[in-house]
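Reader: Please show me the model, and then let us go through its contacts one at a time.

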Amino acid sequence: MPLRQTTRLPPGRPSSPALWGALIALSVLAGAGLHEIGLPAAFLLGPLMAAILVQTTGGGVKVPLMLQAGAQAVIGCLIARAVSPTVVSGFLQHWAPVMATVMLSLTGSVLIGWGMSRLRIIPGTTPVWGMMPGAATTMMVMAEAYGADARLVAFMQYLRVVLVAAAGSVVAILFAHGGGSRVTPGYFPPIDVQSLATTLALASIGASAGLVSRIPAGVLLGPMVLCAAISGTGWIRIELPPVLLVASYAVIGWTIGSRFTRDVLATAARALPQMLAAAVLLMLLCGLLSYALMRYLHTDPLTAYLAASPGGVDAAVIIAASTKVDMPLVTVVQTVRLVVVLAIGPRLARLAAKTLASPAPVLSPERLDIGDLD
């Protein structure tokens, strides 16, 4: 579902080579600059900022769905590489704090959105859907069906992803011990060609299965489950060259940044301070949950923050992969939250929406071509 084109953009010309050239050049400069100053996830944040700049200055870059699918499949393999029988047994051992973290963050997001609607900061059910942590595509499609403004839901979802990714990088600088990037010990190290070919084949099969099944976030979950299951048996070794990871990070950054068009920004301008406040409030709540997770599981602050952060699973994993943290714990909590949000998130949002006076009228939302990053 994340890459199934559920809605269409207004007719228009495809992105020009000049715009793509400008986007790539800006992405390289921004990514290299952020990496040079030691900012984690620089190759996600740099292209993200470049895409926002291009979109808001009159550009119209549209990331092809195949590129989005490929990037999400690679991130699925990256997550799978961190999953092992030890990780599964660790979850079974600590399932209570993990599930408590997931359910409290989900409940908090619904209550914040409900409060925004009750106070008429944003009318109708829009903030309930917009505050849901994860499964952005599912939330936007469901929101439109319930009379919410899909543009504002999209803006709230991706605004939070940007804030969480930026805050995660800052937390990484403050709390990462020893620093160091797992992504770039060298951009072109020796590669096991057979393992790489096997990894790409499994990623393609998993992504295709996820797409055909129409499972939300299936293009990410398919490769993750397939590669984790096979690599867990020791039959293969997941091979992901640094240059492939960097390219995937860039595509995900472009996909997020391309949502911030001038039309969307104009629609959200009036409620922007309140949206920022709500996102920060949810981040603070998840910060408290990460502190509890840190104390209970005796892990480091950065690992706990990334595990509980209310952004996308891919952004959390990218930051985790570029710092020295407990990658398996981050992967487990984020993946469990994604599954729970997909399973019960829409039901919770509908339940909260039913308690509101009346649904907001649809404000002729621009039809969105949306790709889920969670």
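Reader: At roughly what angle do the axes of helix α5 and helix α16 cross?

Author: This is a predicted model. Helix α5 covers residues 95-118 and helix α16 covers residues 327-354. Their axes come within 10 Å, and the crossing angle is roughly 35°.

Reader: What is the handedness of the crossing where α5 passes α16?

Author: On the α5 side the contact includes Val 98, Met 99, Leu 106 and Trp 114. On the α16 side it includes Val 333, Arg 337, Ile 344 and Ala 352. The crossing of these two helices is right-handed.

Reader: How many nonpolar residues does the contact of α5 with α16 have?

Author: Charged residues in this contact number one, and polar residues number two. Ala, Val, Leu, Ile, Met and Trp count as nonpolar. The nonpolar count is 14.

Reader: Which residues are linked in a network of salt bridges?

Author: The model has two salt bridges. One joins the side chains of Asp 192 and Arg 237, at 3.9 Å from N to O. The other joins Glu 239 and Arg 237, at 2.6 Å. The linked residues are therefore Asp 192, Arg 237 and Glu 239.

Reader: How many residues apart are Asp 192 and Arg 237?

Author: Asp 192 sits in the loop between α8 (150-175) and α9 (193-213). Arg 237 sits in the loop between α10 (218-232) and α11 (242-257). The pair links distant parts of the chain, and the separation is 45 residues.

Reader: Is Glu 239 buried or exposed?

Author: Asp 192 has 32% relative accessibility, so Asp 192 counts as partly exposed. Arg 237, at 47%, also counts as partly exposed. The cut-off for buried is under 20%. Because Glu 239 has 8% relative accessibility, Glu 239 counts as buried.

Reader: How many residues are in the largest nonpolar core?

Author: Leu 23, Ile 75, Leu 78, Tyr 249, Trp 254, Met 275 and Leu 306 touch the most other members of this core. Leaving out residues up to four places away in sequence, Met 275 touches Ile 122, Leu 152, Phe 155, Met 156, Leu 159 and Ala 268. The size of the largest nonpolar core is 81 residues.

Conventions. Residues numbered from 1 in each chain as written. Predicted model: local features only at pLDDT ≥ 70, side-chain atom pairs only at ≥ 80, totals over all residues. Heavy atoms only, no water. Salt bridge = Lys/Arg side-chain N within 4 Å of Asp/Glu carboxyl O. Helix = DSSP H or I, 4+ residues; strand = E, 2+ residues; numbered from the N terminus. Buried < 20%, exposed > 50% of the residue type's maximum accessible area, 1.4 Å probe, protein only. Axes fitted to C-alpha atoms, helices over the stretch in contact; angles between N-to-C directions. Left-handed = near helix turned anticlockwise from the far one by under 90°. Contact = heavy atoms within 4.5 Å. Core = buried A, V, L, I, M, F, W, Y, C linked by side-chain atoms within 4.5 Å.
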